[in-house]
Amino acid sequence: MAVKISPWHHYRHVIKSQSSQRIQHFQRAENVLFTILERVSAMDSRFRVDYCRDHEAIEFSLRTSVDGLTMDVPLWLNAEALLVQESLDNQQGSHVASNSKGDLCAVDLNKDSLQILLLVQCGVKMVHFNIVPVVKRQEGTIKLERKHKGKVGGFLQDKLQTALTLGADLVPATHYQWRYSSHQLLRKLFDIVDTLGGHRLDSLSILDRVNNEYWLEGDRGLSFYHLKIILFWATELFPSSEDWDDLEASVYRLLVILLCCLASKNLPDFLYPDRNLFQGVDLDLSSLYSKVEEFANKPEQFLKIHITHLVAKRSQRVENGIKTLLQLSANDGSYWDTPFFDILLNKFSVYHIQDKDRISAMQNLMLKIKDTTNQH
């Protein structure tokens, strides 16, 4: 008797089966880029080629789109001898000077962008490499501002502080000002998430494909970066390996956080939670919320690889109670915690957690919410 495969696993299996060929295409495009950068380095030895790109290959295998891959180009100089003058907002920018080199300037970059876009053929598509000059530094760590969102759980306590020992690289912020880059730290965090196992990266890959096929409006919509930040939050808020054993439940752990962010129109930066990653971005958040809610309501209808693919119909999952909870979270940021998201997962019937402390915390919050709503 043939084993019946769930639509979730079938969908992820097809994505994985396509990833090996995608990686081969990516590596060929990357080789073209390396050849170009080697010629640049031969003309100006200050620019060095960084061949350690394993992280990008992993990320590329998970993605549906090929836009916006960042390529750091290290500037070879005595970075530790640079005089770093902090601006008023020390995370936004730093004036950088050197006694031997003079001021480092990015004025020769594109006037509309502080990076150089290079298009490389990748199969039938083009890979968009965003080339960014980087001053590599071994000293100085990024100061995090994690006072208002999230708690220092297992992911942060055991992993994040270790990652913070990495040097704080500098990238152009304006033509005459540089800023600390969190790119290397986020790479490290992504690699750490990869080692934790479970269906974390599978969930990210599924939502990225659904996003590209159903949620985007032309070039407008969620980026892979947005979804990656959602994954970081999910990893912190759901630290137990039990949270990530089931593929469907794992996807919903990202979905409940995403729905909450869209309802509140605020996606907190994982490193600096007071910053809203939706702010200043061309997104129709109300339209996006409706699309994500539709997927969360009847996901099986979207897990199709081909138009002829038939899936079993299931009852709707979104009820008024879920919408009421999301409205509460939109008005009160204190709900940004594991018990609240556990309540949402329970209402979506994808909880399956046996931890007595987690269950007790969820039940206590449910009682508090009921008391609050009854008072109104």
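Predicted model: local features only at pLDDT ≥ 70, side-chain atom pairs only at ≥ 80, totals over all residues.
Thr70 stands opposite Asn130 in β5. Taken together, the pairings give an open sheet of 3 strands in the order β1-β5-β4, with mixed pairing. The edges of this sheet are β1 (69-74) and β4 (116-122), and because each has a single partner strand, one side of each is left without a neighbour in the sheet. Direction ignored, neighbouring strands of the sheet are turned by 35 degrees against each other on average. As for β5, 7 of its 10 residues are buried, so this strand is largely enclosed by the rest of the structure.

The axes of helix α6 (residues 224-237) and helix α7 (residues 247-264) come within 9 Å and cross at roughly 115 degrees. With angles of 65 to 115 degrees counted as roughly perpendicular, α6 and α7 are therefore roughly perpendicular to each other, and α6 passes α7 in a right-handed crossing. On the α6 side the contact is made by Leu227, Ile230, Leu231, Trp233, Ala234 and Leu237, which meet Arg253, Leu254, Ile257, Leu258 and Cys261 in α7. Sorted by class, the contact of α6 with α7 has 10 nonpolar, no polar and 1 charged residues.

Several single residues show how parts of the chain that are separated in sequence come together. Glu59, which is found in helix α2 (residues 54-62), has a relative accessible area of 10% and is therefore buried. Leaving aside residues up to four places away in sequence, Glu59 touches Leu69, Phe224 and Lys228.

Ile353 lies in the loop between α10 (338-347) and α11 (356-375), and because its relative accessible area is 4%, Ile353 counts as buried. Its contacts, again not counting residues up to four places away in sequence, are with Glu242, Asp243, Arg253, Arg358 and Ile359. Ile353 and Ser240 are 113 residues apart in sequence, yet their C-alpha atoms are 9.3 Å apart in space.

Two further residues are partly exposed. His175 is found in the loop between β6 (170-174) and β7 (177-180), and its relative accessible area of 22% makes it partly exposed; His175 and Leu114 are 61 residues apart in sequence and 7.4 Å apart in space, C-alpha to C-alpha. Ser286, for its part, lies in helix α8 (residues 285-297) and is partly exposed, with a relative accessible area of 45%. The C-alpha atoms of Ser286 and Lys265 are separated by 8.4 Å, although the two residues are 21 residues apart along the chain.

Technical notes
Residues numbered from 1 in each chain as written. Heavy atoms only, no water. Axes fitted to C-alpha atoms, helices over the stretch in contact; angles between N-to-C directions. Helix = DSSP H or I, 4+ residues; strand = E, 2+ residues; numbered from the N terminus. Parallel < 35°, antiparallel > 145°, perpendicular 65-115°, else oblique. Left-handed = near helix turned anticlockwise from the far one by under 90°. Contact = heavy atoms within 4.5 Å. Nonpolar A, V, L, I, M, F, W, Y, C, P; charged D, E, K, R; others polar. Buried < 20%, exposed > 50% of the residue type's maximum accessible area, 1.4 Å probe, protein only. Pairing = 2+ DSSP bridges.
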